[in-house]
Structure formats: C-alpha cells, structure tokens
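The exercises below ask you to work through side-chain contacts step by step, with the solution following each task. Please keep the sequence and the structure open while you read.

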Amino acid sequence: MKDLSPNPFAPAQLGPVRLRNRVIKAATSEGRSPDGLVTDDLIDFHLSFARGGVGMTTVAYCCVSKQGASAPGQIVMDAKALPGLKKLTDAVHEAGAAISAQLGHAGVVAQKKLTGVTAIAPSRFVNPTSFAYCREIRRDEIVAVIDQFGAAAQVAVDAGFDAVELHFGHLYLPSSFLSPLINRRKDEYGGDIDNRSRFVREIARRVREVVGERIAVIAKLDMDDGLPGSIWIDEALRTAQLLDADRTLDAIELTQGSSVFKPMYLFRGDVPVREFARVMPPALRPGVRVMGKWAMGNYPYEDLYMLPAARQFVPIMGNTKLILLGGITNRDHLETGMREGFDFMAMGRALLREPDLVNKMISDPEVRSRCDHNNKCMVTVFTRTHCVLDPQQRYGQAMPMSVPSEDPPVT
C-alpha cells in the first residue's frame, strides 16, 4: 500500500526560491559577530545547519539601522557588512541550503547606552524590564524606518540571500505598533487594528517594491505576546488577513511572546534563573535570583506548543504560506504541521542541540531530539550562543556531522 504520509523532506517552493525541504532553521541569537561584521565563526555556525540538512538557515537579527540594534555585535545591513555577508551566503549555498536574513528595528527593546539615542516607540512608553524611557516616534521617522527596511532588503539581495524575514514580532518596533498597550497614537497609525497594522503593511510593501521577485519575503508575526492588554490572537488574525490581501509576503512565520517582559512565554520549559544571575552585575544578582522567575515567566514546555494558536490562521490565508514554529523536534511533528496546513516548519533549540538533526531524521524517521529544554542556551547569547550540553559547540572540538544514509523518500 502506498504511503500517503506527507514528506517534509521533499523540495518545496517559497516564493521565487526552491528549498530542498520544508525545514527552516529559525533565527536565534548568535553572538558570533562581536564587531558587527560576519566572522568565520558565524559562517561555521550556519554551515553546520546547512550541512546538517535544513532547507534554509536564518541569520538572526540584522539591524536596518544602528539605532535599531537590540544588543552588542549585531550586524547592520549596510555596505560595510556586504563583503562578509556575501562570503556567508556563498558558503551556505555551496553546502546545498538556502539562507535568509532577519531584518529588524528594536524600538522599545533598544538600549540608549548601546545606540546612543533614546529608544523610540509608537507612543511614550517605559520598558518594564529595563525601566528605560522610550519616546514617541515622529511621522517623518516612520517614513525613514520604512525606507531603512527597504535599503536593508537591497543589501540582502546584493549579498546573495535567498530571502529576508521581516521581524514583526516580540514587541520590537513594528510589533509594538500592533500592540494597543504600547500604541496609543491618535493618527492613522493608531486606533483600531487596521490602523495599527498600517506600519507593518507599509514596511512589507516597501520591501517587496525593492526586491521584486528576486528573493522571498517572510514576516515573523506575533499571534499573542503574553502581556495583558497587548497583542492577542483576535487582532493578530486581522493583521495577517490584511498582509495576505496585500500579496507582499511569500510566507508568515507565526510566533508568540515578547522581548519586553516574560520572555519564557516564547521559549517555554525550564527557567535558567541561576545562570542569568551569574552573568549579571554583582549588585543585581540577588534581585535576579529572587524575582527572575516572575520577571521571565514560568510556562511548561509542550511539544508543538504554538500549534493551537497557529492553526487559527490556516483558513484565512489565501495568498501567503505559513511557517509553524514552537516545540518541533522530530519527524512526527513535521508531518503534523503539514497535515494541519502549514507549508514549512521552523526549528530553533533542537537544531542548536543537534545541527545535523534533519539528516538524522531523513536516515531514521524514529530519531528524537536530544534537546531537553533546559534553556541554559538563552544565557549564552551574552557571549557566544551554543548548546551547553554539546562539547563540540561549548569547547570548539571538531566532530564529524552525520549524513543521510539514502536519498529522502518520495511519497
């Protein structure tokens, strides 16, 4: 009898790009560009996923401007970064995978001590984690940020990327416009959800105008951010519907949570309070130990934990493909995503633990991820992101990657 199971390892089309399979390495902080430029370490990081079998790997958080940085060492998409970015994309292509650049502006998550300027938000806002004041963005600055996204997308094209991922999630600047908690504007960018969606729609439109059909355009969109009175699924569905009608995107990657408060709503699982306390200044460590779990949030891990919310988006998409994220660790999860109507599946921590997990799943459908969701990898973003359980990543030992024993099965 013919096997009718969906095949997540068969080639699939994402806009103008043909991916060798439906698995995307999700953007995760890397800590491998200390001077804001591509390094051999960053190239090796993404090569590990490319050689490990993913269809596409994502370079995390490339800033559209210096003022849009959320942490030290992030790459700014400009001419200075172009040679290194080209070297990176060439290496990933040679390994058989596609590569995407995540483009973002931090907004309320930006730090003045890093950027040199006061952070901007849709309306005046105080970040509840850093207690930093954020001023209201001016109308002319809204236009400038839209143009910055377009210019950054052009750099991605020139560097040889196959896609860009517009970061419309986690309460960074575009996402904060979607939040009624942060966006209290009285002009056409505030008010009801149609108006609050205007900024992300204009960014997507500008990027599509710049890149045309040369590369794919993805948006990472919050379904809900876990903050009372902020983004929730009812209005997120409307934003997705508007973006779908605009036909400016090839795919939407659905996400949850924020970088402003209770970040564990995105990650789920163990809360690494002691590890975070160790990397904080001595004066802050007692407070982190006492209040850390409350500030970060405490949410149990479940496989496919974003699926209940994400499946609400499947019926309303007419033009735009959907990417499922959250708790995907084995082939069963990939096939479940396809059965539910998702076109691609994105994996983060499981691939950080085992960069060659896709090759392993191709060779043996019963393989299960070694990731135990201890989340101590979160703390490594302050230095160099890695899985703390993997000596190869932690200590830099060279070990061979597994390869599939045969070609992917055809169904």
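**Exercise 1: Aromatic pairs**

A search of the whole structure finds 7 aromatic pairs. Rings of Phe, Tyr and Trp (its six-membered ring) count as a pair if their centres lie within 6.5 Å, with planes under 30 degrees apart called stacked, over 60 edge-to-face and the rest tilted. This is a predicted model, in which local features need pLDDT of at least 70 and side-chain atom pairs count only at pLDDT 80 or more, while totals for chains, interfaces and linings use all residues. Residues are numbered from 1 along each chain as its sequence is written, and side-chain values use heavy atoms, with hydrogens and water left out.

Task: classify the pair Phe-45 and Phe-49, and then the pair Phe-177 and Phe-199, by the geometry of their rings.

Solution. A pair of aromatic rings is described by the distance of the centres and the angle of the planes. For Phe-45 and Phe-49 the centres are 4.9 Å apart and the planes stand at 85 degrees, so this pair is edge-to-face. Both residues belong to helix H1 (residues 40-51), where they are 4 residues apart, about one turn of the helix; helices here are DSSP runs of H or I with at least four residues, and strands are runs of E with at least two, numbered from the N terminus. Phe-45 and Phe-49 are both buried (buried means under 20% relative accessible area, exposed over 50% and partly exposed in between, with a 1.4 Å probe and protein chains only).

The rings of Phe-177 and Phe-199 have centres 4.4 Å apart and planes at 40 degrees, so the pair is tilted. This pair links distant parts of the chain, since Phe-177 lies in helix H5 (residues 173-178) and Phe-199 in helix H7 (residues 198-211), 22 residues apart. Phe-177 is buried at a relative accessible area of 0%, and Phe-199 counts as buried at 0% as well. Together with Tyr-189, Phe-177 and Phe-199 form one aromatic cluster.

**Exercise 2: Salt bridges**

Task: find the salt-bridge partners of Arg-185, and state whether Arg-185 is buried or exposed.

Solution. A search of the whole structure finds 29 salt bridges, each being a side-chain nitrogen of Lys or Arg within 4 Å of a carboxyl oxygen of Asp or Glu. Among the partners of Arg-185 is Glu-136, with the closest N and O atoms 3.9 Å apart. That pair links distant parts of the chain, with Glu-136 in strand E8 and Arg-185 in the loop between H5 and helix H6 (193-196), 49 residues apart. Asp-187 also forms a salt bridge with Arg-185, at 2.8 Å between the closest N and O atoms. Arg-185 is buried, with a relative accessible area of 6%, whereas Glu-136 is partly exposed at 38%.

**Exercise 3: A histidine contact**

Task: which backbone atom does the side chain of His-333 reach?

Solution. Begin with the location of His-333, which is found in helix H13 (residues 331-339). At 7% relative accessibility, His-333 counts as buried. The side chain of His-333 reaches the backbone nitrogen of Thr-329, at 3.0 Å.

Conventions. Polar contact = N/O pair within 3.5 Å; in protein donor to acceptor, adjacent residues only side chain to side chain.
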